[in-house]
There are 2 protein chains.
Amino acid sequence: MSKKVGSHTIVFTNKPSIIGYSATAGIKEGCGNFKDYYDVILEDDLFGEKTFEHAERKIFIETIKNSISNSGLKIKDIEILVSGDLLNQIISSSFSARELGLPYLGLYGACSTMAESLAVGACLVDGKYMKNVACCTGSHFSSAERQYRFPLELGNQRPPTSQWTVTGAGCTIVSNKKSKIKIASATFGEVVDYGINDVNNMGAAMAPAASSTLVHHFVDTNTKPEDYDLIVTGDLGKLGSEILIDLMEREGYDLGNVYNDCGQMMFHDKQKSYQGASGAGCSAIVLNSYILKKMEKGEYSRVLFCATGALLSTLSSQQGDTIPGICHLVELIRSEE
Amino acid sequence: MSKKVGSHTIVFTNKPSIIGYSATAGIKEGCGNFKDYYDVILEDDLFGEKTFEHAERKIFIETIKNSISNSGLKIKDIEILVSGDLLNQIISSSFSARELGLPYLGLYGACSTMAESLAVGACLVDGKYMKNVACCTGSHFSSAERQYRFPLELGNQRPPTSQWTVTGAGCTIVSNKKSKIKIASATFGEVVDYGINDVNNMGAAMAPAASSTLVHHFVDTNTKPEDYDLIVTGDLGKLGSEILIDLMEREGYDLGNVYNDCGQMMFHDKQKSYQGASGAGCSAIVLNSYILKKMEKGEYSRVLFCATGALLSTLSSQQGDTIPGICHLVELIRSEE
């Protein structure tokens, strides 16, 4: 029996469980709206390392270890690490896999990686290929800035459409063991490009992809926004979220009060982050702290987690290409069975 | 019933089929040992484009289209593109997915991507999540050289341990339809690092990963090298292949006459490529031309395809990190059922 419904969505009949999770946040993130939810808040963005890239790697390793520990497992119980990040050749993920000695499946979905890794991890568990899978992503403000934009030392002014790349990582342990929170379905996104070429306006570049994936999910599963307690996008930010609401209205869907965006939610107004937070770590740390803790408490029972990614590189922009976006979605449900 | 055997290997009980494949080769590759096997040989390494990166992308798109056509399907029949490449942020894969309008799962496994994409694609088909999946990777000599090493215009001398990054792409269509060639099992590799830090000696950096994955596969499946008609690694090159043979001997396995390496096989001696070919496109075009055609003809019945990747970035090397390697493996079988 096929587990595919409609054109883009797969339904997990064995309902893989989330048995553990952890989020590590940077200093700025640790002063934001979810400061009481993170497992670890850094006191030093270099985390005792000599470079931002080595710090990012250490954040990944510690977060993966914490999530495994929170799930009651040991590192050797994890059968594969499914992970990606924003650095060229996803070195944070790959070097973490080296340190942990785990079989490794490297992904690249830019800031959509948290949902992409959960969707792939859920397939591996649901299909009985693996029992326990660690799904991870993250980012570091300082390593991302110097790779994608300018060295911090230049002190460039940030335009009002810009977002602030999150320092932090989140890891989720997906398992065939029982737990209250399960992954019910996943919708893999298409690459959508509306012709945005402003690398400081990622929200606008990614909103059409979020709209595409959400519409596919609603059509495939015959549901509507009000069937969910929370629909949360990855890092569209304030402007991108408004664009998404508009795009969905044109498609006949009112996202209403159940919709929010991790990038928009993370910082409070005094933190001067313009459109809000972004980066693979953004949706990763919000999911693996606030959202999953709220689900555990029973405050949310059915959540659509839609992580959004901008699939550009500095070179694609330099060569005149526009910015393609993607959005992968996983449906999380809480049940006592 | 679990589909996992041993610690690292999964067995596909529904045996996903390979129903179509295609390989596009660059000019140098098209003069090499497999010139009679490629579907398309470029007459111009720019493929009519203005940049090498745009040429690489066009090679991907044409190869994916050709493989879909060879399988008797239409683009809309493909439910997901599973692809990755060597360029920063895997732009060749992501922009190809944009052009083709396909749901997309982006991977990064460096030159191990062909096996990684086949392993993931086989899980998606075997688990009944998808019916038809396109698995693709490739590389371009000129885009890789300027990203990883030096601009070609510098005319740097190549050291004798160096390999030649392949211009070309391969794509395989994995399906639940019947065909003679099936994916029987897959072994996901660990990240292995023996401390090599010479970016011009990738074979030595990747050989320990190939050894690790092969030993895991033999132990997990209770098989030995002589049970296979061909054991082929991705792009260890001549020196790396010799190191692998030595490492396997220490583990008690004689790879004997069934072993070869795509990088070692590709060019003939007059083509001056030192240790041979490399790049994600290397194992991709050898698999999707020579190996699969030989399997169709019945000359090979049981093949271990082990693609090897070096998980470095220019920045990881600049920051003093050694080069981690990975090897993913898929077992291909021919059967008339």
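In the predicted model, 59 residues of chain B are in contact with 59 residues of chain A, contact being defined as heavy atoms within 4.5 Å. Together the two chains bury about 4600 Å², 58% of it on carbon and sulfur atoms; buried area here is the accessible area (1.4 Å probe) that two parts lose on being put together, summed over both. This is a predicted model, in which local features need pLDDT of at least 70 and side-chain atom pairs count only at pLDDT 80 or more, whereas totals for chains, interfaces and linings use all residues. Residues are numbered from 1 along each chain as its sequence is written, chains are lettered from A and ligands numbered from 1 in the order in which they are written, and side-chain values use heavy atoms, with hydrogens and water left out.

Between chain B and chain A, 6 salt bridges are counted, a salt bridge being a side-chain nitrogen of Lys or Arg within 4 Å of a carboxyl oxygen of Asp or Glu. A:Arg57 is paired in this way with B:Asp321, and their closest N and O atoms are 3.0 Å apart. Over all chains, the structure holds 30 salt bridges. The pair of A:Arg57 and B:Asp321 crosses between chains, joining helix α1 (residues 52–70) of chain A to the loop between α9 (314–318) and β15 (325–334) of chain B. Helices (H or I, at least four residues) and strands (E, at least two) are DSSP runs, numbered from the N terminus.

Helix α1 of chain A also packs against helix α4 (residues 141–148) of chain A, at an angle of about 130 degrees and with the axes 8 Å apart. Axes are lines fitted to C-alpha atoms, for helices over the stretch in contact, and angles run from 0 to 180 degrees between N-to-C directions. The angle makes α1(A) oblique to α4(A), given that angles under 35 degrees count as roughly parallel, over 145 as roughly antiparallel, 65 to 115 as roughly perpendicular and the rest as oblique. The crossing of α1(A) and α4(A) is left-handed, that is, the near helix is turned anticlockwise from the far one by less than a right angle, clockwise being right-handed. In this contact A:Phe52, A:Glu53 and A:Glu56 of α1(A) meet A:Ser142, A:Ser143 and A:Arg146 of α4(A). These residues comprise 1 nonpolar, 2 polar and 3 charged; Ala, Val, Leu, Ile, Met, Phe, Trp, Tyr, Cys and Pro count as nonpolar, Asp, Glu, Lys and Arg as charged, and the others, Gly among them, as polar.

In chain B, the axes of helix α1 (residues 52–70) and helix α4 (residues 141–148) come within 8 Å and cross at roughly 130 degrees. The crossing of α1(B) and α4(B) is left-handed, with B:Phe52, B:Glu53 and B:Glu56 contacting B:Ser142, B:Ser143 and B:Arg146.

A further pair in chain A consists of helix α5 (residues 202–221) and helix α6 (residues 237–250), whose axes come within 8 Å and cross at roughly 40 degrees. The crossing of α5(A) and α6(A) is right-handed. Its contact residues divide into 11 nonpolar, 3 polar and no charged.
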